[in-house]
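Please look over the sequence and the model before reading on. The paragraphs below lead a new reader through the structure step by step.

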Amino acid sequence: MPIHIDFFHPSRLVIAVVRGAITADDVRESVQQFLASDVLHYRKIIDIASPTAPLDSAAVHMLAELVLSRAVSRPRGALAFVVSPGQAADNASTFAQLTSAERPVKVFHSLHAARKWLDEHPIA
């Protein structure tokens, strides 16, 4: 699978790394793994700096709706995207705009900056 997810339960952190070509089904499966694992309150880093075939705009909107449709008992954890210029960066910005009312979300061009920003947000 082109999306690798690690859950760090003691620090309440999730890191997902996307490599290669991905489909909306790949991302939907990963989102459902997040939902089933009850980690929406964890802080998250989503590294989409090197997908070879980013999602289209319709898929990004569908995924935002899927995430927002899930009721949570705790506040959603901060979300940091790590991107390189291009369609994946545009997708991250779109997703951030669609979901920013639910939790802090920001797009970065370096993993270091993303991690530093997440460290400024409390662990839920």
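This is a predicted model: local features need pLDDT of at least 70, side-chain atom pairs count only at pLDDT 80 or more; totals for chains, interfaces and linings use all residues.

The walk begins with the pairing of two strands. Strand 1, residues 3-8, and strand 2, residues 13-21, run in the antiparallel sense and are joined over six bridges. Phenylalanine 8 has leucine 13, in strand 2, as its bridge partner. Four residues lie between the two strands of this hairpin. Arginine 12 is found in that loop, between strand 1 and strand 2, and its phi is near 50 degrees, a positive value in a residue other than glycine. With a relative accessibility of 34%, arginine 12 counts as partly exposed.

A second residue of this kind is aspartate 38. Its phi is near 55 degrees, again a positive value in a residue other than glycine. Aspartate 38 sits in the loop between helix 1 and strand 3, and at 48% relative accessibility it counts as partly exposed.

Leaving aside neighbours within four places in sequence, phenylalanine 95 is in contact with Val60, Leu63, Ala64, Val67, Leu79, Phe81 and Arg103. Phenylalanine 95 is itself one of the buried residues of helix 3, together with Ala88, Ala89, Asn91, Ala92, Ala96 and Thr99. These residues are on the same side of helix 3, because they cover an arc of only 160 degrees around the axis. An α-helix has 3.6 residues a turn, so residues three or four places apart point the same way. Helix 3 covers residues 87-99, 13 residues in total, and reaches 18 Å from its first C-alpha to its last, close to the 18 Å expected at 1.5 Å a residue.

Helix 4 also has a buried side. Which residues of helix 4 are buried? They are Ala114, Trp117 and Leu118. Seen down the axis, the buried residues of helix 4 fall within an arc of 100 degrees, so they line one face of the helix. His112 and Lys116, on the other side of helix 4, are exposed.

Valine 82 is located in strand 4 and counts as buried, at 4% relative accessibility. Not counting residues up to four places away in sequence, valine 82 touches Ile45, Ile46, Asp47, Ile48, Ala49, Phe108, Ser110, Leu111 and Ala114. Valine 82 and histidine 112 are 30 residues apart in sequence, and their C-alpha atoms are 9.4 Å apart in space.

Phenylalanine 108, one of the residues that valine 82 touches, belongs to strand 5, residues 105-108. Its relative accessibility is 9%, so phenylalanine 108 counts as buried. Beyond residues up to four places away in sequence, phenylalanine 108 touches Ala80, Phe81, Val82, Val83, Ala113, Ala114 and Trp117. Its C-alpha atom is separated by 19 Å from that of isoleucine 5, which is 103 residues apart from it along the chain.

The last stop is histidine 121, in the segment after helix 4 (111-119). Is histidine 121 buried or exposed? Histidine 121 is buried, because its relative accessible area is 18%, and buried means under 20%. A polar atom of its side chain lies 2.9 Å from the backbone oxygen of tryptophan 117. Not counting residues up to four places away in sequence, histidine 121 touches Arg43, Ala78 and Pro104.

Terms used. Residues are numbered from 1 along each chain as its sequence is written. Side-chain values use heavy atoms; hydrogens and water are left out. The expected span of a helix is 1.5 Å times one less than its number of residues. Buried means under 20% relative accessible area, exposed over 50%, partly exposed in between (1.4 Å probe, protein chains only). The arc is that of the directions from the helix axis to the C-beta atoms. A polar contact is a pair of N or O atoms within 3.5 Å; within protein, one must be able to donate a hydrogen and the other to accept it, and residues adjacent in sequence count only if both atoms are side-chain atoms. Contact means heavy atoms within 4.5 Å. Two strands pair if DSSP finds at least two bridges between them.
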